2 protein chains.
Amino acid sequence: MENIFDDNYFMKKALMEAEIAFDKGEIPVGAVIVIDNKVIARGHNLTEMLTDVTAHAEMQAITAASNFIGGKYLHNCTLYVTLEPCQMCAGALYWSQINTIVYGARDEERGCINLQTKLHPKTILKGGIMADESALLLKRFFIERRNLN
Amino acid sequence: MENIFDDNYFMKKALMEAEIAFDKGEIPVGAVIVIDNKVIARGHNLTEMLTDVTAHAEMQAITAASNFIGGKYLHNCTLYVTLEPCQMCAGALYWSQINTIVYGARDEERGCINLQTKLHPKTILKGGIMADESALLLKRFFIERRNLN
């Protein structure tokens, strides 16, 4: 039997979060945190609504996952996020000692790869899962916003 | 007349926050954010109490300052923090476009300088203000914790 709980399955959940952000007028980035094929935390970018630069999707998902687990380390967890994490989020993920980070679209300019943010040595980073869908949603957002202004 | 509102004056306020963290059994790091010689936000490390790796002193101070200002950018603000910011906090400060960061003690291993976290081009970083007092408080904390275990 085919395993339906693959990376695409959970990245779709992260994309649903990104769409919620889009509908709120926020830069559409979404994240979920998964343990044993179960979503234990969700988050989407809320920097405008909360007027807070720290309110990235990943940061909220990390806080929610820690709350669910009752501990601050996210060992055995996988984060799915539609956009490659920035320095802040990658720095938070470093502290969390998360097992795996799966991102969708690359962020060449502000992402943790080109800026060489240090991840925990135990953390696996992989990307490109539903990258086109994630990038398209961001592109749509910026086009619509440009047209509104 | 001597200006009492110098870096030492505000770093003492950050150290008071670090002492509050110490008394709560948290790694003693404290921060304040200042605008026009006025403290508009305070924060101290609460990662244990909140079981949340994102609850660093700086992160809470950034959120509180944005809330006070009613905007997410911390232009014209100075952060005083007793320990050199980590990647996460420096990454958050990047997004905040803060004017100045003043830290106390260096963090050679996990601080933003050696890990080369990118700050906003407009941000000034300076350190070594009451570095000995900040480092001593951290040292005392780890000695006492070792003796308890």
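Guide: One term is needed at the outset: contact means that heavy atoms lie within 4.5 Å. Please also keep in mind that this is a predicted model.

Visitor: Which residues of α1(B) meet α4(B)?
Guide: From α1(B), the residues are B:Leu15, B:Ala18, B:Glu19 and B:Phe22, and they meet B:Glu133, B:Ser134, B:Leu137, B:Arg140, B:Phe141 and B:Glu144 of α4(B). By class, that contact has five nonpolar, one polar and four charged residues.

Visitor: And at roughly what angle do the axes of those two helices of chain B cross?
Guide: The axes of α1 (residues 7–23) and α4 (residues 131–148) of chain B cross at roughly 5° and come within 11 Å. Angles under 35 degrees count as roughly parallel, and therefore α1(B) and α4(B) are roughly parallel to each other.

Visitor: Let us move to chain A. How do α2(A) and α3(A) cross?
Guide: Helix α2 of chain A covers residues 57–69 and helix α3 of chain A covers residues 87–96; their axes come within 9 Å and cross at roughly 20°. The crossing is left-handed. On the α2(A) side the contact is made by A:Glu58, A:Met59 and A:Ile62, and on the α3(A) side by A:Met88, A:Cys89, A:Ala92 and A:Leu93. Six of these residues are nonpolar, none is polar and one is charged.

Visitor: What about α3(A) and α3(B), parallel or antiparallel?
Guide: The axes of α3(A) and α3(B) come within 7 Å and cross at roughly 160°. Angles over 145 degrees count as roughly antiparallel, so that is how α3(A) and α3(B) run relative to each other. Their crossing is left-handed.

Visitor: Which residues meet there?
Guide: A:Gln87, A:Met88, A:Gly91, A:Ala92, A:Tyr94 and A:Trp95 meet B:Gln87, B:Met88, B:Gly91, B:Ala92, B:Tyr94 and B:Trp95.

Visitor: Now the two chains as a whole. How many residues are in contact?
Guide: In chain B, 27 residues are in contact with 27 residues of chain A. About 2,400 Å² is buried between the chains, with 61% of that area given by carbon and sulfur atoms.

Visitor: Which residues of chain B lose the most area to chain A?
Guide: They are B:Val53, B:Lys72 and B:Trp95, which together account for 29% of what that side buries.

Visitor: How many salt bridges are there between the chains?
Guide: The count between chain B and chain A is two. B:Lys72 forms a salt bridge with A:Glu48, and the closest N and O atoms are 2.7 Å apart.

How values were computed:
Residues are numbered from 1 along each chain as its sequence is written. Chains are lettered from A and ligands numbered from 1 in the order in which they are written. This is a predicted model: local features need pLDDT of at least 70, side-chain atom pairs count only at pLDDT 80 or more; totals for chains, interfaces and linings use all residues. Side-chain values use heavy atoms; hydrogens and water are left out. Axes are lines fitted to C-alpha atoms, for helices over the stretch in contact, and angles run from 0 to 180 degrees between N-to-C directions. Helices (H or I, at least four residues) and strands (E, at least two) are DSSP runs, numbered from the N terminus. A crossing is left-handed if the near helix is turned anticlockwise from the far one by less than a right angle, and right-handed if clockwise. Ala, Val, Leu, Ile, Met, Phe, Trp, Tyr, Cys and Pro count as nonpolar, Asp, Glu, Lys and Arg as charged, and the others, Gly among them, as polar. Buried area is the accessible area (1.4 Å probe) that two parts lose on being put together, summed over both. A salt bridge is a side-chain nitrogen of Lys or Arg within 4 Å of a carboxyl oxygen of Asp or Glu. Angles under 35 degrees count as roughly parallel, over 145 as roughly antiparallel, 65 to 115 as roughly perpendicular and the rest as oblique.
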